Amino acid sequence: MRSFFLLFTATLFSVAATAQDIKAYSADDVVLRCSSKDTVYIINFWATWCVPCVQELPEFNKLESKYAGKPVKVLLVSLDFKEDHTYKLRSFLDRKHITPEVVWLSDTDPNVFLPKIDNSWQGSIPATVIVQPGKHFKKFIEGQVTEEEVSGIVADIK
């Protein structure tokens with residue numbers, strides 16, 4: 001019985017430690033995080049409950065792998081509900097083998113955070129922003145994207 005309790009406690013602590021890997025970001029934090037002038041950022045807004053979002057997640061794994069070691073960063077911004085982001089989101093990411101960095105958007109008022117990301121964003125997801133601050137480049141795409149489509153945009157920036 002004691003070893004079961006120890007195993008259960010160790011498992012609980014390892015799940016809690018993993019869940020803390022997903023940081024809460026405001027829209028301002030996302031913009032600040034993606035402001036290095038020598039890096040291209042591919043930022044995707046998605047949620048676990050959004051079927052098209054989940055369908056396109058493997059494309060971001062491909063992008064993460066393709067640009068490893070290059071000045072291109074992939075950031076997945078989850079719009080999951082506050083009560084789900086700690087445990088449900090982490091287990092979802094583990095189950096789906098999602099490799100890019102994931103943060104959780106803590107802003108709750110779309111009238112405030114949408115225009116901070118892009119003035120044309122109507123609020124639907126998935127939504128992807130590709131930015132290169134050093135070249136004053138920004139491309140916003142509302143809807144699903146493919147690795148090929150995003151790679152083509154990144155190639156045009158360089």
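Colleague: How close do the axes of α3 and α7 come, and at what angle do they cross?

Modeller: Quick ground rules: this is a predicted model, where local features need pLDDT of at least 70, side-chain atom pairs count only at pLDDT 80 or more, and totals for chains, interfaces and linings use all residues. Residues are numbered from 1 along each chain as its sequence is written, and side-chain values use heavy atoms, with hydrogens and water left out. Helices are DSSP runs (H or I, at least four residues), as are strands (E, at least two), numbered from the N terminus. Axes are lines fitted to C-alpha atoms, for helices over the stretch in contact, with angles from 0 to 180 degrees between N-to-C directions. Here the axes come within 9 Å and cross at roughly 40°.

Colleague: What do you call that orientation of α3 and α7?

Modeller: Under 35 degrees is roughly parallel, over 145 roughly antiparallel, 65 to 115 roughly perpendicular, and the rest oblique. So α3 and α7 are oblique to each other. Contact means heavy atoms within 4.5 Å; α3 brings E59, K62, L63 and K66, and α7 brings E147, E148, V150 and S151.

Colleague: Which residues of α7 are buried, and which are exposed?

Modeller: Buried means under 20% relative accessible area, exposed over 50%, partly exposed in between (1.4 Å probe, protein chains only). In α7, E147, V150, S151, I153, V154 and I157 are buried. Those residues sit on the same side of α7 because they cover an arc of only 160° around the axis, taken from the directions from the helix axis to the C-beta atoms. E148, A155 and D156 are exposed on the other side.
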